[in-house]
Amino acid sequence: MKTVVITGSARGFGLCQAKKFKELGCNVVLSDVNEENLLRAAKELESIGPAETKVIHTVCDVTDCAALEALWDLAKNTFGTVDIWINNAGVNSPDKPAYELTEKEINFLLDIDLKGTIYGSKVAFTGMKEQGFGQIYNVEGYGSNDAMMTGLTLYGTAKRAVTYFTLSLAKESKELTDGKICVCRLTPGIMITDFIKTANGGATKIELPEKTKKVYNILGDYPETIVEYCVPRMLANTKNNARIMWLTNRRAFGRFLTAGFKKRDFFS
Ligand SMILES: NC(=O)c1ccc[n+]([C@@H]2O[C@H](COP(=O)([O-])OP(=O)(O)OC[C@H]3O[C@@H](n4cnc5c(N)ncnc54)[C@H](O)[C@@H]3O)[C@@H](O)[C@H]2O)c1
């Protein structure tokens, strides 16, 4: 039975992945900075999946390397191995041009989206090197492919760096472990979660412009849909440097082609 650790898994994409992994027979370690949501998520997961699967949870702030080490230790000591570690925790940036961002807002986002992913990868890689195997997934986002838009400069900078870091860590893994540790990218596309409505850890509301809503209605999906595609592929993957990608160019093209017939509306 595989063990999966997911950061930022008290809601949204992280929680949906956790549910799917458990449904497919994995032990799951939930972790998040939000304890209230975490407890609710853990309760929800208990009744999902085969009876022999287990869920445990712990508060873990990804900006704290020691907390991530404690998360690894908890998972390893409880289940014996960690097969898959997903650096999923992330926050959106406030919808304003980069020059208007405060120092606090800049540090808040980079600490979670970029440094949190680096810390999580470092901790998981160290543990997996000792156990001799494992998979690390880092979550890409807007900017990973060099896309640019006013209001998303900081977030895009972090996600572009996450992509570079993941590719380079995969190269290191090839050289240092012969690819036994698979360092991979998870590319969900646009997801209809609370993420798109808030920034600064929920403190700042984001009012989506009508033209953005239009694009989200065409290209977006609920995370429940995306995990149906991604999670089985992550479980089946054996390759270092893999990329599990939901919103491919082909899928996006198809969505634009059929947008006139399919009136999708996530916002009314
Ligand atoms: N929603 C989208 O359109 C979208 C698109 C592409 C990529 N992503 C990425 O997917 C991931 C999940 O996004 P989501 O839409 O589920 O967001 P979400 O806001 O619904 O969930 C994020 C979770 O991360 C947690 N979190 C925040 N700061 C944390 C910290 N310091 N330590 C630990 N946990 C923390 C939150 O409490 C929350 O439970 C993020 O990395 C995001 O950048 C999102």
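Predicted model: local features only at pLDDT ≥ 70, side-chain atom pairs only at ≥ 80, totals over all residues.
Figure 1. Of the 268 residues of the protein chain, 42% count as buried. The protein chain contains eight helices and nine strands. Along the principal axes, its C-alpha atoms occupy a box of roughly 50 × 40 × 40 Å. A compact globule of 268 residues would have a radius of gyration near 18 Å, and the protein chain has 18 Å, so the two agree. Among contacts in the protein chain with a separation of 6 or more, 73% are between residues 24 or more positions apart.

**Figure 2. The shell of residues around the ligand.** There are 30 residues around the ligand, and those that come nearest are Gly-8, Gly-12, Gly-90, Gly-141 and Phe-195. Sorted by class, the shell comprises 14 nonpolar, 12 polar and four charged residues. Which helix gives the most to this shell? The answer is α1, with three residues. Helices α1 (12-23) and α4 (103-131) each supply at least two residues of the shell.

**Figure 3. The surroundings of Gly-8.** Gly-8, one of the residues that come nearest to the ligand, is placed in the loop between β1 (3-6) and α1. Is Gly-8 buried or exposed? Gly-8 counts as buried because it has 29 C-beta neighbours inside 10 Å, and the cut-off for a buried residue is 20 or more. When residues up to four places away in sequence are not counted, Gly-8 touches Gly-14, Asp-32, Asn-88, Ala-89 and Gly-90. Leu-38 is 30 residues away from Gly-8 in sequence, and the C-alpha atoms of Gly-8 and Leu-38 are 9.0 Å apart in space.

**Figure 4. Strand β2 and its partners β1 and β3.** Strand β2 (residues 27-32) is mostly covered, with six of its six residues buried. Asn-27, Val-29 and Ser-31 point one way from β2, whereas Val-28, Leu-30 and Asp-32 point the other way, and all are buried. Strands β1 and β2 pair in the parallel sense over four bridges. In this pairing, Val-5 stands opposite Val-29 in β2. Between β1 and β2 the chain passes through α1, and this β-α-β crossover is right-handed. Strand β2 also pairs in the parallel sense with strand β3 (residues 55-59), over five bridges. Here Asp-32 has Val-59 in β3 as its bridge partner. From β2 the chain crosses through helix α2 (residues 35-46) to β3, in a β-α-β crossover that is right-handed. Asp-32 of β2 is also one of the residues that Gly-8 touches.

**Figure 5. Strand β6 and its partners β5 and β9.** How many of the seven residues of strand β6 (residues 181-187) are buried? Six are buried, and the strand is mostly covered. Strand β5 (residues 134-139) pairs with β6 in the parallel sense over six bridges. Gly-134 is found opposite Ile-181 in β6.

Note on methods. Residues numbered from 1 in each chain as written. Near = placed C-beta within 6 Å. Nonpolar A, V, L, I, M, F, W, Y, C, P; charged D, E, K, R; others polar. Rg over C-alpha atoms; globule rule 2.2 N^0.38 Å. Buried ≥ 20, exposed ≤ 12 C-beta atoms within 10 Å, placed from the backbone. Contact = placed C-beta atoms within 7 Å. Pairing = 2+ DSSP bridges. Right-handed = clockwise from strand over helix to strand, strands pointing away.
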